[in-house]
Amino acid sequence: MISHPTLRPLLPALLCLLLALLPDPGLGAEAAANRIATLAATAEAFNAVAAQAGPAVVYIHVKKVTAAAGRDAAAADDFLDDPALRRFFGESAAADGRDRDGRNTSYGHGSGFIIDDRGAILTNAHVIDQAVEITVRLGDRREFTAKVVGLDKQSDVALIRIAASGLPVLALGDSAALKVGEWALAIGSPFEGVQTVTAGIISATGRSSVGISEYEDFIQTDAAINPGNSGGPLVDIHGRAIGINTAYLTQTGGYMGVGFAIPINMARTIAQRLEQDGRMTRAWLGVGLQDLPPDRQPTAAGAALVSRIDAGAPAARSGLRPGDLIVSINGSAVTGAADLRNRIALSPPGSTVTLVILRDGRQRSIAVVLGEK
């Protein structure tokens with residue numbers, strides 16, 4: 001029996017699975033019982049994960065103030081904000097979102113999760129971007145005002161902090177070890193006092209060119225990720241965070257079974273830089289990179305083609321040339337241009353990386369001291 005309240009959204013999926021496990025006329029009673037026992041064990045596992053991870057998931061409410069609109073837009077707003085018109089349409093004058101300087105005030109919300117007992121919280125950058133007030137509400141209904149440690153719009157990762165101690169902490173997993181087909185649960189707090197859990201599987205890893213952020217290495221999952229769940233954790237069956245829920249793909253406005261999460265290994269590195277510097281510092285190689293067609297890939301893993309060398313860049317000083325194929329970095333195979341770009345960016349500026357390249361059919365190793373972007 002499902003006792004955890006946040007698992008209620010899972011009931012339709014579990015019901016479908018139950019129907020699939022119902023015995024058919026040719027199935028023995030013992031085999032049918034074994035199938036149902038498997039389903040019950042899965043439900044209990046989901047229950048345990050939600051109970052373990054849920055307390056560290058928080059609701060985030062933000063107040064945002066944006067600059068005044070242009071004269072024409074302001075005139076239109078003045079017309080639409082006329083108190084008589086607002087009363088006609090059933091709104092009070094108190095609902096006016098602009099102050100005397102014409103600045104617009106809006107409110108938003110999202111999710112986040114606590115990653116240390118000093119009150120550090122991971123969320124999406126778009127959840128808190130331009131916020132002048134951030135309020136965090138815990139599962140036990142306590143509220144705190146949060147401060148921004150730093151945010152990185154290019155990856156959509158943000159780190160905020162509340163002044164509290166003894167908080168529940170969500171353990172971080174290893175997103176590099178994920179495999180397609182593994183269970184994943186998306187947990188979020190889309191409404192004040194309401195937490196949701198959805199279940200699915202890992203559909204793909206290393207997804208790029210999605211168009212959500214500049215640096216993309218997404219985990220794709222069919223666990224439902226809805227707007228209010230942005231910033232909440234994607235967790236594995238052991239209750240460890242493996243990603244930050246970020247977006248879902250839709251053509252109709254409804255959920256279509258394609259959700260994306262920022263891998264936790266990337267988010268962990270960015271959070272450490274934000275904590276240390278207050279901003280995200282990225283390493284710089286100074287090359288243009290392209291993928292090769294599958295039939296031209298020199299290795300099973302893949303490669304990145306150097307299409308351009310920037311003048312004065314670390315790549316130029318290292319001896320890299322246009323046309324080189326980079327097949328590995330620091331002994332780890334490269335899967336494509338986006339993979340190499342992300343790994344270079346997450347390296348510490350000033351560090352030395354070893355690239356293995358193919359040039360004129362020959363393999364050679366090149367050491368590059370990375371700059372800072």
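To begin with, how many helices and strands does the secondary structure of the chain come to?

Guide: This is a predicted model, and its chain has eight helices and 21 strands. The chain has 373 residues, 43% of which count as buried. Of the contacts with a separation of 6 or more, 63% are between residues 24 or more positions apart.

Now the salt bridges, of which the structure holds 13. One of them pairs aspartate 116 with arginine 161, with 3.7 Å between the closest N and O atoms. Aspartate 116 sits in the loop between strand 2 (104–114) and strand 3 (120–123), while arginine 161 belongs to strand 7 (residues 157–161), so the pair, 45 residues apart, links distant parts of the chain. Aspartate 116 counts as buried because its relative accessibility, 16%, is under 20%. Arginine 161 is buried as well, at 18%. Both belong to a network of salt bridges that links Asp116, Arg118, Arg161 and Glu275.

Another salt bridge joins arginine 341 and glutamate 214, at 3.3 Å from N to O. Arginine 341 is in helix 8 (residues 337–346) and glutamate 214 in the loop between strand 9 (194–207) and strand 10 (218–221), 127 residues apart. Arginine 341 is partly exposed at 33% relative accessibility, and glutamate 214 is partly exposed at 39%.

Glutamate 372 and arginine 279 also form a salt bridge, their closest N and O atoms being 3.2 Å apart. Glutamate 372 is partly exposed at 43%, as is arginine 279 at 44%.

Notes:
Residues are numbered from 1 along each chain as its sequence is written. This is a predicted model: local features need pLDDT of at least 70, side-chain atom pairs count only at pLDDT 80 or more; totals for chains, interfaces and linings use all residues. Side-chain values use heavy atoms; hydrogens and water are left out. Helices (H or I, at least four residues) and strands (E, at least two) are DSSP runs, numbered from the N terminus. Buried means under 20% relative accessible area, exposed over 50%, partly exposed in between (1.4 Å probe, protein chains only). Contact means heavy atoms within 4.5 Å. A salt bridge is a side-chain nitrogen of Lys or Arg within 4 Å of a carboxyl oxygen of Asp or Glu.
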